[in-house]
Amino acid sequence: WRGSFAIPMTPFDAQDRIDEDALRAEIRFCIECGVGGIVVPVMVSEFRLLSEDERRTMIRIPVEECRGTDVPVVANVAAVNTPLAVRYAEYAQEVGADAVIAMPPYIFRPDFDTIFAYFKAISDAVTVPVWIQNAGVVALSAAEIARLCTEIEHVSWVKEEVPPSTHSISKLLAQNCPAIKGVMGGAGGRYLIHERARGSLGVVHACE
């Protein structure tokens with residue numbers, strides 16, 4: 001997995017429902033532009049404002065549109081509690097997502113033991129790679145990320161967004177952790193050139 005991974009926005013119709021045709025058009029546009037992958041529904045998709053059913057729709061449709069292509073779908077399963085994150089992870093794998101991604105629970109500030117148990121439960125629910133999105137209310141240290149990747153079976157990729165992301169990527173890669181398969185930048189792609197120089201394999205950015 002390399003290069004440009006795009007995040008679709010969540011389109012709504014006049015009845016305040018997800019506009020599935022517009023969403024499919026977004027995904028096709030991304031594929032035609034040559035993206036390396038799709039990550040959905042995360043910050044740009046305003047996932048915190050979506051219902052559980054809407055979040056599932058935002059996973060299912062990109063998977064359907066990417067089926068038969070070489071574009072992987074990384075499904076966001078972050079949640080306010082562990083059982084809900086596990087349900088999202090199970091659903092994502094069931095419909096065919098290639099990986100899942102999660103930031104730690106994002107309403108309260110959990111301690112590291114809680115975060116570890118959260119990612120382990122997500123990993124135990126799937127057989128696909130699990131990405132850590134290092135953003136939100138908790139900024140994980142490079143050592144903590146390395147421990148999660150080393151001690152939890154499927155946790156193996158990182159979207160590093162703790163500012164300055166360039167320094168955070170350098171600190172993370174300095175861990176020389178073989179369990180970390182790859183690191184991506186974020187932040188709308190603003191620092192992608194410098195992140196690349198620091199060792200990132202690509203960037204996860206908004207689709208536009």
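A: The protein chain carries 19 positive and 27 negative side chains, and the centres of the two sets lie 5 Å apart. Lys and Arg are counted as positive and Asp and Glu as negative, without His or the chain ends, and each charge is placed at NZ of Lys, CZ of Arg, CG of Asp or CD of Glu. This is a predicted model, in which local features need pLDDT of at least 70 and side-chain atom pairs count only at pLDDT 80 or more, while totals for chains, interfaces and linings use all residues. Residues are numbered from 1 along each chain as its sequence is written, and side-chain values use heavy atoms, leaving out hydrogens and water.

The secondary structure comprises seven helices and eight strands (DSSP runs numbered from the N terminus: H or I of at least four residues for helices, E of at least two for strands). The radius of gyration of the protein chain is 16 Å, close to the 17 Å given by the globule rule for 208 residues, so the chain is as compact as a globular protein of that length; the radius is taken over C-alpha atoms, and the rule is 2.2 Å times the number of residues to the power 0.38. Along the principal axes, the C-alpha atoms fill a box of roughly 45 × 35 × 30 Å. Of the 208 residues, 55% are buried (under 20% relative accessible area, with exposed meaning over 50% and partly exposed in between; 1.4 Å probe, protein chains only). Among contacts (heavy atoms within 4.5 Å) between residues at least 6 apart in sequence, 73% join residues at least 24 apart.

An α-helix has 3.6 residues a turn, so residues three or four places apart point the same way.

Proline 164 belongs to the loop between β6 and α6, and the peptide bond that joins proline 163 to proline 164 is cis, with omega near -10°. In the loop between α6 and β7 lies asparagine 176, which has a positive phi of about 50° although it is not a glycine. Asparagine 176 is exposed, at 65% relative accessible area.

With 44% relative accessibility, glutamate 46 counts as partly exposed.

Valine 71, in the loop between α2 and β3 (73-76), is buried, with a relative accessible area of 6%. Beyond its neighbours within four places in sequence, valine 71 is in contact with Ile31, Val35, Gly36, Gly37, Ile38, Cys66 and Asp98.
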